[in-house]
Amino acid sequence: MSGTGPGVLPAHRPLSGWVARFEPGDASGAPGRLGPINDGDERTDARTAARFRAHGWTRADVVVQQPAGGPVRALALRAPDGSLLVELDDRGAPVEVSADGAELVARLEERWSDLPADPATVDRLAGESLELRYFLLHRLDLETDAPAVLFHCLPWHRVEAAARAAAALLDAPGPGAGQGPRAAPYGELRHWFTPAATSLAGPLSVLEAGLRTVRPGPWFGREASALLTGLLAVDPERLPAPARAALAGLALRIGANPALHHSARLAAARLTAPEPRAAVDGLALTARLDSAFVLRAADGEDGGPAGTSLGRGPVEAEVTVTRGGRVTVEMEIDVFAAEASGAGGGRDADTAEGPPCQPVRLRPVDGTSGAPEGGRYWMLLDEAGPVLHGRIAVPAPAGRFDVDLDGPPVPLLFLDRVPPAELLASLRANERIGPARWHELVDGLPPRHPAHAALAVYEGELPA
């Protein structure tokens, strides 16, 4: 939002957290140089500085002499007194801009509430430096409901190439695996894509590099689950069609692992279906229940169904609200059926990563209070003959609530970033798993894994 009224932010503000004063060159016409970053305080964020809340700043560009290198044209802001501040990237280098790039940024800033999204604008953005695109889209994502097509200016061909390379390695690892180039052949993905999608470029990059270089040790389960989580959350329209297709193909190959079959299939459907919402509705393992039916039933009223069955084919679940105010969730994955219905390729589960743990989310509806011990539980999927089976029982939220089983399972080893309190609630929820089995699974984990602390508290709660 821009304008000149009280409390209204000015249109032209820093895109980057770092700026530096421009010090003009001498009379010989030499390019100017830059002063200290943020006037010497690099810990501050220029984007939140009070001075940029004053009106009168305008967008500009200026030719700057780099400390190491030649002169570059940099994105800048002109203060009301005529002085210039140059925008810097996360390395302290000027954010480069084309000869008419500052005019383009100014036009977008002045139309912040009604952003143009025509092909010409997207093409012009694609021609600007990657740093400029990143900072601009980052602020757009934070402050506006930006048209999805604007995010197409990012170098999605890199994502497409990385996804296709990873899928090919999963299809046929073969004897040549690990003999490819050590550097990524598609260029770095880094953080450039985070304005459009989180948990996408990072795990994709690690996944492809790990497969290409045959990375040793347990690692695949963390990155596969993280990538599927990102694909389930991204707005598909922010990705060009070729990138969506490549990522969908990779997701299906990851889904050759039976535990990841459902999440992978759902992610691929979101990316490729003409109507992603319809695709999700047809595949999702979600249910809406009402714990108040217990009270209504006690009064002789029709309390409605106490539970529901979810899923078809390899993955099925049963969700029930008991009259005692508990929610039980039981899930089975037919390993053979999941493997048979996959896209081929894939990678076998690494036993060193531990058993998969299915996230179960309880989300209250209409502002009702959440589950007493948090909204997420981890349901252990243990092998039971030809199936993976899990069951939890947890306190039911008051009123209506949703149960969500769409997230990808995470191997126990990689629950190392989950708070101990959440793991403790999950140990309590997995009622049919006893202390001996928990010790079998937890004792071999790294010493700092939070499951150790959770298990110690859990055992202290058990009857003597």
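Valine 321 stands opposite valine 327 in strand S9 of this predicted model. The two residues belong to a pairing in which strand S8 (residues 315–321) and strand S9 (residues 326–334) run antiparallel. Seven bridges join S8 to S9. Strands of a sheet pair through backbone hydrogen bonds, either parallel or antiparallel.

S8 and S9 are part of an open sheet of five strands. The order is S7-S8-S9-S13-S12, and the pairing is antiparallel. Strand S7 (307–310) and strand S12 (382–384) stand at the edges. Each has a single partner strand, so one side of S7 and one side of S12 are left without a neighbour in the sheet. From one strand to the next, the twist averages 20 degrees. In a regular strand the side chains alternate between the two faces of the sheet.

A further open sheet is also built from five strands, in the order S2-S1-S5-S4-S3. Its pairing is antiparallel. Here strand S2 (33–37) and strand S3 (58–65) take the edge positions. Each of these two pairs with a single strand, so one side of each lacks a neighbour in the sheet. Neighbouring strands of this sheet are turned by 45 degrees against each other on average, direction ignored. Within the sheet, strand S1 (residues 18–23) pairs with S2 in the antiparallel sense, over three bridges. Glutamate 23 stands opposite arginine 33 in S2. Helix H1 (residues 101–110) lies across S3 and strand S4 (71–78). H1 runs at about 155 degrees to S3.

Strand S10 (residues 356–364) has several pairings. With strand S11 (residues 376–380), S10 pairs in the antiparallel sense over five bridges. Valine 360 stands opposite tyrosine 377 in S11. With strand S14 (residues 400–404), the pairing of S10 is again antiparallel, over four bridges. In that pair, proline 364 faces phenylalanine 401 in S14 as its opposite residue. Two bridges join S10 to strand S15 (residues 410–411), and these strands run antiparallel. Cysteine 357 stands opposite valine 410 in S15.

The helices were examined next. Two packed helices are described by the angle between their axes and the distance between the axes. Helix H4 (residues 156–171) packs with helix H5 (residues 201–213) at an angle of about 40 degrees. Their axes are 9 Å apart. H4 and H5 are therefore oblique to each other. The crossing of H4 and H5 is left-handed. On the H4 side, the contact residues are Val159, Ala162, Ala163, Ala165, Ala166, Leu169 and Leu170. On the H5 side, they are Leu204, Glu208, Leu211 and Arg212. By class, the contact of H4 with H5 has nine nonpolar, no polar and two charged residues.

H4 also packs with helix H7 (residues 241–254). The axes of H4 and H7 come within 8 Å and cross at roughly 25 degrees. These two helices are therefore roughly parallel to each other. H4 passes H7 in a left-handed crossing. From H4, the contact uses Trp156, Val159, Glu160, Ala163, Arg164, Ala166, Ala167, Leu170 and Asp171. They meet Pro242, Ala243, Ala245, Ala246, Leu247, Leu250, Arg253 and Ile254 in H7. The contact of H4 with H7 has 13 nonpolar, no polar and four charged residues.

H7 in turn packs with helix H8 (residues 261–272). The angle is about 165 degrees, and the axes are 8 Å apart. H7 and H8 are therefore roughly antiparallel to each other. Their crossing is left-handed. Arg244, Leu247, Ala248, Ala251 and Leu252 make the contact from H7. Ala264, Arg265, Ala267, Ala268, Leu271 and Thr272 make it from H8. The residues of this contact divide into eight nonpolar, one polar and two charged.

Confidence in the prediction was also examined. The chain averages a pLDDT of 89. Of its residues, 89% score at least 70. Over residues 370–374, pLDDT stays under 50. For residues 370–374, the model has nine contacts beyond four places in sequence.

Technical notes
Residues are numbered from 1 along each chain as its sequence is written. This is a predicted model: local features need pLDDT of at least 70, side-chain atom pairs count only at pLDDT 80 or more; totals for chains, interfaces and linings use all residues. Side-chain values use heavy atoms; hydrogens and water are left out. Axes are lines fitted to C-alpha atoms, for helices over the stretch in contact, and angles run from 0 to 180 degrees between N-to-C directions. Angles under 35 degrees count as roughly parallel, over 145 as roughly antiparallel, 65 to 115 as roughly perpendicular and the rest as oblique. A crossing is left-handed if the near helix is turned anticlockwise from the far one by less than a right angle, and right-handed if clockwise. Contact means heavy atoms within 4.5 Å. Ala, Val, Leu, Ile, Met, Phe, Trp, Tyr, Cys and Pro count as nonpolar, Asp, Glu, Lys and Arg as charged, and the others, Gly among them, as polar. Two strands pair if DSSP finds at least two bridges between them. pLDDT is the predictor's confidence in each residue, from 0 to 100.
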